[in-house]
Amino acid sequence: MALQAVLETVECGEQDIVLKVLQIYNQEKSQCFTFEDEEREERKKLAKLLIKFLERELQPSCQVTCLESIRILSRDKSCLGPFSTMETLKLLARHAGIDYTEEQIREIPDLDVILEALKCLCNIVFSSHEAQELAFEARLVVGLTDRIKLYNERNLPHDIKFFDLRLLFLLTALRVDIRQQFAQELRGIGLMTDTLELTLGVKWIDPHEVAAEENSAVPLPRQEAERAMEILKVLFNITYDTSKREVDEEDAALYRHLSALLRHCLMISADGEDRTEEFHSHTVNLLGNLPLKCLDVLLLPKVQPGSLEYLGVNMDAVNVLLDFLDRRLDRGHKLKESLTPVLNLLTESARAHRQTRKFLKTKVLPPLRDVKNRPEVGNLLRNKLVRLMTHIDTDVKHCAAEFLFVLCKESVARFVKYTGYGNAAGLLAARGLMAGGHADGEYSEDEDTDTEEYKEAKPNINPITGRVEEKLPNPMEGMTEEQKEYEAMKLVNMFDKLSRQQVIQPMSVTPEGNLTTLDLASIEDAVQPTDDDRASHDSDLALD
């Protein structure tokens, strides 16, 4: 249907006729996500007419159809102006049932109207910067909060709950002021934790352990998994800076309560591998935001038959995180987004909890047996992580190196033993540990255990590559002292040329283990023989 005909019909305002025309228009444009520039002004005019039409007292079916048309037009970023006003936001919020007033929240009885209005708000808030700024003043988050509090009492359909949570996610992701208001004034962390508990359908069997109300082997249904992921995303937004600040006892109790639910999220599956992977990914992201001292909840559940026990501690959750890391390593794409959260989480957990570190070391860095291959060659978890230590992305290689370094109790010698000095050099240079030693971490005094294979091969291992290599012939064998001096000066001159052309920057290691700029003139002076050296050399020749 021609857009001009739609405009003329909406302008006439006859409800039944407008309904039929908009239904046809919506059906034609339902899958339209790109719009022609020639009709831009007509679409803007239609947007204004639809808003004015929606203000009238309409039948629910007509309201839904009108909102569908608004949702379609809101996909066009050039057409967002009429929708990005305080009046429009309040109008849509009223139809969504989240228009906040001091007295009460006005509810629209028709559920289809609520759902369609929520979809419109999601589109507009996501695409319009002006709408995002007005959303705080419109107090949309307050209306959403009041409705979410009633989830336990009212039997709302899944779609309405889902888009409530999706809109809340967008608001807290895009606006810092709304994020702070929801977290602090509206106590959003406690509300979202309770909503997550309700969505998961769990019961508390211990102060810090939950279990499914029904059979725990049954995957979390699709709708519940979708809502749970939206809740996890909202919680991620409002806890983003939590790990960077101190928390009081009340907050720590709240985060431990949340950590117990997140442990349950790790231990269950959703419907299908892809959805389970996504569900666990959001869980890992959120765990990384929580205070480290609250993550001991992951280890608190009692060891049950079938549990993975290490040093008397239940390691089921840690093992799930390790398997999650292994799968992400095999995926091989978007490594920064997919790997750094779980690597950081495991690193900090290992640093804070001795049992976690020792368990992870047995899995990732077992006693060395294969010393014939380079540390980065192979399909073991250690090999995959060592390969990342020379990755082009700085964040990825730093996270991988830091994880292995912590598992080595931040001992340079142990770190080099498992990774090779060449792979370890980046982290050691950044930490000022090129000369060896230990970092400042506090670890137990237990010694590393070596296999017989490693002890036998140790004298022949090249510390740079981390493997046994065939001895190469000495390239200076048979040279006279003058020839050796000539080759040394030739090498110095090559370095000097590359340095002057700024191709390389020669460096040396200070006694403290830090890198410093190398003065090539000092090398040249050191290589040049002194008169005493020449006299000594001549006397040696005379004795012969």
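**Close-up 1. R187, an exposed residue with a positive phi, in the predicted model**. In this predicted model, R187 is exposed, with a relative accessible area of 62%, and it belongs to the loop between α10, which covers residues 176-185, and α11, which covers residues 188-200. The phi of R187 is near 50°, which is a positive value in a residue other than glycine. Because a residue counts as exposed when its relative accessible area is over 50%, the 62% of R187 places this residue in the exposed class.

**Close-up 2. Helix α10 and the elements that cover its buried residues**. Within α10, the residues I178, Q181, F182 and A183 are buried. The cover over the buried residues of α10 includes α7 (129-138), α8 (140-148) and α9 (158-174), and it also includes α11 and α12 (222-238). After α10 comes R187, the residue with the positive phi near 50°.

**Close-up 3. The hairpin of β1 and β2**. Strand β1, made of residues 202-206, runs antiparallel to strand β2, made of residues 209-212, and four bridges join the two strands. Two residues lie between β1 and β2 in this hairpin.

**Close-up 4. L311 in the loop between β3 and β4**. L311 lies between β3, which consists of residues 309-310, and β4, which consists of residues 313-314. The phi of L311 is near 55°, again a positive value in a residue other than glycine. With a relative accessible area of 48%, L311 is partly exposed.

**Close-up 5. S307 and its contacts**. S307 is placed in the loop between α14 (273-287) and β3. When residues up to four places away in sequence are not counted, S307 touches N314 and D316. From C-alpha to C-alpha, S307 and A317 are 9.9 Å apart in space, and the two residues are 10 residues apart in sequence.

**Close-up 6. The largest cavity and its lining**. A search of the whole structure finds one cavity of 30 Å³ or more, and the largest cavity holds about 40 Å³ of space. The residues that line the largest cavity are L295, L298, L299, V318, S349, H353 and T356. By residue class, this lining of the largest cavity divides into four nonpolar residues and three polar residues, with no charged residue.

**Close-up 7. Confidence along the chain, and the stretch 537-544**. The mean pLDDT of the chain is 87, and 90% of its residues reach 70 or more. Over residues 537-544, however, the pLDDT is below 50, and beyond near neighbours in sequence this stretch has two contacts in the model. Where pLDDT is low, the predicted coordinates should not be read in detail.

Conventions
Residues numbered from 1 in each chain as written. Predicted model: local features only at pLDDT ≥ 70, side-chain atom pairs only at ≥ 80, totals over all residues. Heavy atoms only, no water. pLDDT = per-residue confidence, 0-100. Contact = heavy atoms within 4.5 Å. Buried < 20%, exposed > 50% of the residue type's maximum accessible area, 1.4 Å probe, protein only. Pairing = 2+ DSSP bridges. 1 Å grid on protein atoms, 1.4 Å probe; cavity = no way out; pocket = protein on both sides within 12 Å on 5 of 7 lines; lining within 4 Å. Points joined across faces, edges and corners; volume = space filled by probe spheres on them. Nonpolar A, V, L, I, M, F, W, Y, C, P; charged D, E, K, R; others polar.
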